[in-house]
Amino acid sequence: MSETCAHVVTLPSDVTPSTTAGCEDCLRIGSRWVHLRECLSCGHVGCCDSSPNRHARAHAGTADHPVVRSFEPGEDWRWCFVDETFV
């Protein structure tokens, strides 16, 4: 079930993914990832919480960018790390 969070209204109308090759942080350090998430504030592509490094969540915390979308083909959902809910 989707809910509304206050963070959604602060998002820009469109962002460009930082990369389409994978998790940009894992690519930099030579690590692996499971699934990808795109930050809807700046386009940072990071790995999910099932990945060893959880770069999407780390980016959300350090950059104060709470809302991501799935960057997986065929998936169309958004998640707010602060409110821990689908939006």
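So, radius of gyration first: this is a predicted model, and with 87 residues a compact globule would come out near 12 Å; the protein chain has 12 Å, so the two agree. Along the principal axes, the C-alpha trace spans about 35 × 30 × 25 Å. As for what's tucked away, 41% of the 87 residues count as buried. The accessible surface comes to about 5,100 Å², and carbon and sulfur atoms account for 49% of that.

Okay, the fold. We've got 2 helices and 5 strands, and if you read along the sequence the order goes α-β-β-α-β-β-β. If you take contacts between residues at least 6 apart in sequence, 48% of them join residues at least 24 apart. On charge, there are 7 positive and 12 negative, and their mean positions sit 6 Å apart.

Now let's walk through some individual residues, starting with Arg-32. You'll find Arg-32 in the loop between helix H1, residues 24-29, and strand E1, residues 36-39. Is Arg-32 buried or exposed? Exposed, because its relative accessible area is 55%, and the cut-off for that class is over 50%. Setting aside neighbours within four places in sequence, Arg-32 still touches Cys-26 and Pro-52. And have a look at Cys-47 while you're there: Cys-47 is 15 residues from Arg-32 along the chain, with 8.8 Å between the two C-alpha atoms.

At 14% relative accessibility His-55 counts as buried, since buried means under 20%. What does His-55 contact, leaving out neighbours within four places in sequence? Quite a list: Cys-23, Asp-25, Cys-26, Ile-29, His-44, Gly-46 and Cys-47.

Arg-54, though, isn't a glycine and has a positive phi of about 45 degrees. Arg-54 is in the loop between strand E2, residues 45-47, and H2, and with a relative accessible area of 38% it's partly exposed.

There's another one of these at Asp-64. Here phi is positive at about 60 degrees, and again the residue is not a glycine. Where is Asp-64? In the loop between H2 and strand E3, residues 67-70. Asp-64 is exposed, with a relative accessible area of 62%.

Last stop, the aromatics. The count comes to 2 aromatic pairs. In one, the rings of Trp-77 and Phe-86 have centres 5.5 Å apart and planes at 85 degrees, so that pair is edge-to-face. The rings of Trp-79 and Phe-86 have their centres 5.0 Å apart with the planes at 75 degrees, so this pair is edge-to-face as well.

Put together, ring pairs link Trp-77, Trp-79 and Phe-86 into a cluster. How covered are they? Trp-79 is buried, at 17% relative accessible area. Trp-77 is partly exposed, at 25%, and Phe-86 is partly exposed too, at 37%.

Conventions:
Residues numbered from 1 in each chain as written. Predicted model: local features only at pLDDT ≥ 70, side-chain atom pairs only at ≥ 80, totals over all residues. Heavy atoms only, no water. Helix = DSSP H or I, 4+ residues; strand = E, 2+ residues; numbered from the N terminus. Rg over C-alpha atoms; globule rule 2.2 N^0.38 Å. Buried < 20%, exposed > 50% of the residue type's maximum accessible area, 1.4 Å probe, protein only. Contact = heavy atoms within 4.5 Å. Areas by Shrake-Rupley, 256 points an atom, 1.4 Å probe, with all protein chains shown as cover. Lys, Arg positive; Asp, Glu negative; His and termini not counted. Charge placed at Lys NZ, Arg CZ, Asp CG, Glu CD. Phe/Tyr/Trp six-rings, centres within 6.5 Å; stacked < 30°, edge-to-face > 60°.
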